[in-house]
2 protein chains.
Amino acid sequence: MFDKAYLSPAEALQRLLSSIPDTGITVERLRIEECYNRVIAADVIAPEDLPAFSRSTVDGYALIARDTFGAKDTSPAYINVRHEIMMGTSADFEIKTGEAAKIPTGGMMPEGADAVLMLEHAQAVSDDMIEAMRSVAPGENVIQKGEDIQKGKTVLTRGHKLRSQDIGALAGIGVTEIEVFKKPSVSIISTGDEIVPASSPLKSGQVRDINSFTLAGLIGDNGGVPVKKGIFKDDYGTIKKIIEDSIKDSDMVLISGGTSAGTKDMTADIINDIARSQGGAGVVFHGLSLKPGKPMIGGIVNNKPIMGLPGHPAAVVVCFNLFIKPMIERLGGFKSNKNFIKTVTAKMAKNIASAAGREDHIRVYVEAKDGELLAVPVLGKSGLITTLVKADGIVIIPQNKLGLEAGEEVMVRMF
Amino acid sequence: MFDKAYLSPAEALQRLLSSIPDTGITVERLRIEECYNRVIAADVIAPEDLPAFSRSTVDGYALIARDTFGAKDTSPAYINVRHEIMMGTSADFEIKTGEAAKIPTGGMMPEGADAVLMLEHAQAVSDDMIEAMRSVAPGENVIQKGEDIQKGKTVLTRGHKLRSQDIGALAGIGVTEIEVFKKPSVSIISTGDEIVPASSPLKSGQVRDINSFTLAGLIGDNGGVPVKKGIFKDDYGTIKKIIEDSIKDSDMVLISGGTSAGTKDMTADIINDIARSQGGAGVVFHGLSLKPGKPMIGGIVNNKPIMGLPGHPAAVVVCFNLFIKPMIERLGGFKSNKNFIKTVTAKMAKNIASAAGREDHIRVYVEAKDGELLAVPVLGKSGLITTLVKADGIVIIPQNKLGLEAGEEVMVRMF
């Protein structure tokens, strides 16, 4: 069944990615509040120090460390408390030998002081005198000016996807607007003479559009903007026109359905046809050593990926994760050498066979049993959407493996 | 340093959750396109079968299985091809013994037929006659009516968070509007005499608001609606008033800053003060055996959680994951016995010590080295936002453990 001529998913992705330029992506300037999970388009250089002044990390007494050297319970050092620092204000005095200023956590260190003695290590002798019961080292209990972020240093680099704490860091140095890459827009074209909108009454022989709903969610969750183009009949001229329209107004085009059966060559022919007039490699691969997802088509027209997805719901999700997600990331400027997939480690609940030369993506649900996590294969044809509804994730059996054994440890790639 | 009287994070969360009712959550009715990652508020019962008719899963010939029994290359069965099924249309004829209809993948099975012979296992003898070179079993190559989803069966249950494929399944059975729980709104109150907005010019002794930006992102990513209330001075009346206002118009209130140092008792006093007039347990815990995050306050007023968060950026993220996230889920109706945290397994790159009786949350970055993943602790005080920017996730050292050794396998909870 699986022709050796079919590409592996990894080779297929490589062919696609090498055909898409990673420059020239549109950039937009936004307020940082709008930039959560967006990809930064230019390195951010700190315009100021964070903190802008040295701060105490405890409640205590700002003083000169060497005045406390040798101090202990039995032979305390005596220090004059001549000042008190108030939160959010600048100290307009200087600490001299034998002096201290009362300081709250986060307070600004006064001139001259180089350490803070914690409140609990001091004992009041009089209104303006304390005993230091311990010694402190220079710098102790102090965050130095610029210790968090140094002015002029690179804080975040181009291609980084901004997490909540990254936005916090930008706020901390007063960077309230940044340039981010525009989210790639992804057209979804549903094809099939039998497909009707989810809201339509069903006539005999018809089925509702499922895949455009699944795809729109996956695209949105992974940093793209889904653009549903609608449902189109399996007709060469009709499909060609909507693909051409979609190339004009989006960064990637997905054609759902129409890659197997009677129409299997039509989508590929149309992609080659459009590539002849607009440029690009046309069809880069057609058919993969992959299950589910074998009839997948990948093409390039005018530097844009045009993907023909199988009609089976499970194949749609597998192909999304293997191809569409990495291409959304490429088209959205995302760069990371740490793009770890989040997984759960579990033990296979039963044996699963796989054909040699084929990468198998097994839907599983994860179940806690006797203190262990089990990955239980979800049975059912890949045409059934409920196999995905029941599943928590996917276990991959690589091409060179003939299956998985019950009890074998596997990584579940969670949905 | 760590008083035995302090609660563990797990006990503290339990106290909070047991004080919040999980009924009476507001419900809204939305189109399914708007329901990605929302929590479903009522079980969905399938109003129709999916598929609504039995379909072929291959290109081939719909026929009566027993007509092929015993067929092989050397002694094929002869079948009359009297009809052709078109996609999306109903067959208005019946297959009788010895007859077949040509059928495409996804085509509707005609009356009388119970299996499909694949195209590649048939050989045309004449215009209306094929040789079946193999036998097929009843049901072979057919998805039965209702095999994916059966009319009247529960498809999704109340409390489930809707993934892309779940929305696809709803579309498949024509359910285009559903009831979901309203997203909980979470007020963020920033306090501190030294805190100024991110966009303000800095005066000496002042620092910009970082935590409200980090919190807003985390709240949004985890199913809540952040409501930034602004920055307020450390003054009893001022803070009391803004907390009271926030209780009126949101489901949870976070007070960032003001839980340690000079103001440490003020937030707790205000929560108890408001609880006396509005009802509720008031402060449920103040101080935890947790690092970072020790000064955390948890309270309940009028069935709503009121949380005092430490000011340190790293403590904010740790406390968010331990307390705020589970409470957003509770207030948003989310129920799951499979709430697996997504992790990466790695080896500790160096020894890390931890005090007995304290749960330590260590920030780490993950690095691939010699084919292994290493979890490298990010050094630096928990007051530094850049420790979070450098980190990929958190490794937890439980209360009863005295540290981690280099080479020890750990689960990194990825940000």
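**View 1. Domains of chain A in the predicted model.** Chain A is divided into domain 1 (9-25 + 183-331), domain 2 (27-50 + 154-181), domain 3 (55-143) and domain 4 (343-414), with bounds that come from an automatic or database domain assignment. Taken over C-alpha atoms, the centres of domain 2 of chain A and domain 3 of chain A are separated by 37 Å. This is a predicted model, in which local features need pLDDT of at least 70, side-chain atom pairs count only at pLDDT 80 or more, and totals for chains, interfaces and linings use all residues. Residues are numbered from 1 along each chain as its sequence is written, while chains are lettered from A and ligands numbered from 1 in the order in which they are written.

**View 2. Relation of chain B to chain A.**

**View 3. The contact between the chains.** The contact takes 72 residues from chain B and 71 residues from chain A, where two residues are in contact if their C-beta atoms, placed from the backbone, lie within 7 Å. On the side of chain B that touches chain A, H2(B) gives the most, with eight residues (helices are DSSP runs of H or I with at least four residues, strands runs of E with at least two, numbered from the N terminus). Of the interface residues of chain B, 99% are also interface residues in chain A, so the copies meet through the same surface.

**View 4. H3(A) against H2(B).** Helix H3 (residues 211-221) of chain A packs with H2(B) at an angle of about 160°, their axes lying 7 Å apart (axes are lines fitted to C-alpha atoms, for helices over the stretch in contact, and angles run from 0 to 180 degrees between N-to-C directions). H3(A) and H2(B) are therefore roughly antiparallel to each other, a term for angles over 145 degrees, as roughly parallel is for those under 35. Residues of H3(A), including A:Phe213 and A:Gly217, meet residues of H2(B), including B:Ile167 and B:Gly168.

**View 5. H3(A) against H6(A).** The axes of H3(A) and helix H6 (residues 313-331) of chain A come within 11 Å and cross at roughly 30°. That makes H3(A) roughly parallel to H6(A). Among the residues that meet are A:Leu215 and A:Ile219 in H3(A), and A:Val316 and A:Phe320 in H6(A).

Key. Angles under 35 degrees count as roughly parallel, over 145 as roughly antiparallel, 65 to 115 as roughly perpendicular and the rest as oblique.
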